[in-house]
Amino acid sequence: MTTLPPRGPARTPGGGGSYAEGAVRLRRVNRRQVEGLREDLADLYVDSRTTASREEPPGEEYRRRCREDFLDPLAADLRRPGFAMVIAETDCPVGCAHGFPVRRDGSWWLGFDSAPPRGDGQLARPGGVFAFTGILVRPPPRDRALARRLQQRLLTDHRASLGVTSVDQADVTTLAALHSWGWLDAGDIWRPASPTLFRVLVLPHGERAVERPAGLARHVRTRWSG
């Protein structure tokens, strides 16, 4: 999960100030368009990783590693069936979110320490659950509102009633950002051939979000109540 949480004052390429929320447009992009935006999105990732507290601009080696940290997983995600991305932009990209619909065969949930959502017609149908593999937003002051807009757009476009993602449980910064964007802890998961223990988070959407205590609560053990 590639997630950029708040890391400093908002910036725009060239040292500009913060952006106005109303000026940000959301746009669905296909695989070919993503390929054309790879470098811009990598620049956004690197820029968002650079905090105002750094005494010196990051060196080329730092920038190269940051770009690889973003571009390598994105290349793998582009090959997934049903891959989808929404970008936020003004005169340049200021955020994006991407992922894919979860298949009904249960493969995404392998290694999960709790029962995955089952038995509910809306959750079980194709596209009912959408897995987020990346959320990237420029830092404050409006990162929270923009992240929520991106999440909602992807879930709405796929008619999904639940978003899911998994994060290294040691990555407390990303977990804190996701919590601030409305995500709820659901349990832990061991991915095949990986020694890392991941935390599974869920994001109820639409009518099911309102009905969560009566519906999803029987499937999801919510550990965060912020």
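Predicted model: local features only at pLDDT ≥ 70, side-chain atom pairs only at ≥ 80, totals over all residues.
1. Which residues of α2 are buried? They are Y62, C66, R67, F70, L71, L74, D77 and L78. An α-helix has 3.6 residues a turn, so residues three or four places apart point the same way.

2. Now for the partner of α2. The axes of α1 (residues 31-49) and α2 (residues 60-78) come within 9 Å and cross at roughly 145 degrees, and the crossing is right-handed. On the α1 side the contact includes V34, L41, A42 and V46, while α2 brings in residues including Y62, C66, F70 and L74. Have a look at the make-up too: the contact residues split into 11 nonpolar, 9 charged and no polar.

3. Over in the strands, β5 (residues 129-137) is mostly covered, with 9 of its 9 residues buried. Strand β4 (residues 93-101) pairs with β5 in the antiparallel sense through 7 bridges, and F100 stands opposite A131 in β5. With β6 (residues 162-168), β5 runs parallel, joined by 3 bridges; here F130 stands opposite G163 in β6.

4. How far apart in space are L26 and L150? They are 7.4 Å apart, C-alpha to C-alpha, though 124 residues separate them in sequence. Leaving out residues up to four places away in sequence, L26 touches V86, I87, A88, L146, R149, L150 and R153.

Key
Residues numbered from 1 in each chain as written. Heavy atoms only, no water. Contact = heavy atoms within 4.5 Å. Axes fitted to C-alpha atoms, helices over the stretch in contact; angles between N-to-C directions. Helix = DSSP H or I, 4+ residues; strand = E, 2+ residues; numbered from the N terminus. Left-handed = near helix turned anticlockwise from the far one by under 90°. Nonpolar A, V, L, I, M, F, W, Y, C, P; charged D, E, K, R; others polar. Buried < 20%, exposed > 50% of the residue type's maximum accessible area, 1.4 Å probe, protein only. Pairing = 2+ DSSP bridges.
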